[in-house]
Amino acid sequence: MKKRLPICVIVIAVILCIVPASVTACKKSQPSFTVGICQFAQHESLEEAANGFKAALTDQFGDQISFEDQNANGDYSVCTTITNELISKNVDLILADSTTALQIASTSTTTIPVLGTAVTDYGAALQLDHFDGMTGRNISGTSDLVPPEALADLMHELFPEAQKIGILYCSSETNSQYQYDGLKDELMSLGYTCDSYKFVDSGDLASSAEKAASQCDVIYIPTDNMAASNAAIIANICIPANIPVITGDENTCRICGTATLSVNYYDLGYATGEMAAQVLRGEKDISEIPVQYAQSFTKKYNEEICRSLGISIPDDYIPLTNH
């Protein structure tokens with residue numbers, strides 16, 4: 001006579017078989033996403049923004065998120081190629097890390113969601129006739145814009161006796177031109193004269209920097225990718241000439257600057273990643289997400305360069321640390 005198993009044993013055995021299968025099915029049912037990242041140039045601010053972005057999405061999705069992460073090393077044509085490759089792979093979302101990367105992505109796709117970061121002015125970058133904080137299309141993101149009046153006040157606080165301030169930037173970067181236009185008016189309202197010193201690429205940066213150093217009391221470098229990538233050239237010209245340089249970001253300031261009004265680019269990238277999570281989950285339509293702006297700025301200074309130039313810094317400035 002066969003022995004029958006107690007009904008409770010059979011029930012437990014069935015449950016043990018079903019539970020692992022249901023957990024596996026649940027895991028398989030969770031959506032996975034591939035996000036493309038196009039970083040235009042090789043410098044620390046853009047890298048920090050990309051790292052913050054990836055950290056936010058990894059916190060949100062864990063191993064359900066993967067990244068196609070590429071760097072154009074300051075080459076426009078390479079940036080275009082990278083963007084087109086990401087589009088051909090049909091990634092779920094693109095991070096355009098810099099103004100140039102955003103401009104290329106904006107002309108390359110109207111369907112894949114694109115988020116920018118380390119972009120100063122979205123209206124100018126996208127050539128929008130009217131910009132009220134939302135682009136109305138497949139683009140949004142975060143801005144590293146520092147209010148021009150705050151920058152002008154910083155320069156006036158440090159160099160009240162200066163007469164002429166030169167703004168050194170790459171002529172092809174629309175975000176730099178935008179910063180020049182806004183800052184010039186603020187500086188002139190404080191009694192300074194102000195002029196632009198433009199360069200096309202790293203080949204003629206030195207001649208523009210030399211001209212600015214010979215004609216100006218102070219030089220300002222906006223959040224300009226080409227200048228940031230070649231900050232050592234500027235340092236080799238301005239430090240021996242005893243000309244102080246104010247920079248738009250702290251990583252450039254570490255190399256050639258005296259002081260900066262700093263944005264935390266990791267935090268900026270992290271905020272962009274949180275926006276991306278909302279888009280990927282379908283919680284928000286990207287065309288209706290307002291561009292977010294950095295909320296806090298920190299006055300920092302390069303202790304070594306300030307000492308070598310004999311510049312006294314107020315107590316509320318924070319010394320830059322080396323990475």
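In this predicted model, the buried residues of helix H10 are covered by a set of elements that includes strand E6 (164–170), helix H8 (202–215), strand E8 (218–221), helix H9 (225–229), strand E9 (245–247) and helix H11 (250–256). Helix H10 itself spans residues 231–238, and what sits buried in it is Ala231, Ile234, Ala235, Ile237 and Cys238. An α-helix has 3.6 residues a turn, so residues three or four places apart point the same way.

Next come the nonpolar cores. The largest one counts 57 residues, and the members that touch the most others are Leu102, Met155, Leu158, Leu183, Leu187 and Ile246. The top contributor to this core is helix H6 (residues 148–158), which puts in 5 residues. Cys238, on the other hand, belongs to a second, separate core of 21 residues, which also takes in Leu168, Cys170 and Leu205. As a general point, nonpolar side chains in soluble globular proteins tend to be buried together.

Leu158 is worth a look of its own. Leaving aside residues up to four places away in sequence, Leu158 touches Ile246, Ala259, Ser312, Ile313, Pro314 and Tyr317.

Finally, the aromatic rings: the structure holds 2 aromatic pairs. In one of them, the ring centres of Phe33 and Phe61 are 5.3 Å apart and the planes meet at 65 degrees, so this pair is edge-to-face. Phe33 sits in strand E1 (residues 33–39) and Phe61 in helix H2 (residues 44–61), so the pair ties together parts that are 28 residues apart in sequence. Both Phe33 and Phe61 are buried.

Terms used:
Residues numbered from 1 in each chain as written. Predicted model: local features only at pLDDT ≥ 70, side-chain atom pairs only at ≥ 80, totals over all residues. Heavy atoms only, no water. Buried < 20%, exposed > 50% of the residue type's maximum accessible area, 1.4 Å probe, protein only. Helix = DSSP H or I, 4+ residues; strand = E, 2+ residues; numbered from the N terminus. Contact = heavy atoms within 4.5 Å. Core = buried A, V, L, I, M, F, W, Y, C linked by side-chain atoms within 4.5 Å. Phe/Tyr/Trp six-rings, centres within 6.5 Å; stacked < 30°, edge-to-face > 60°.
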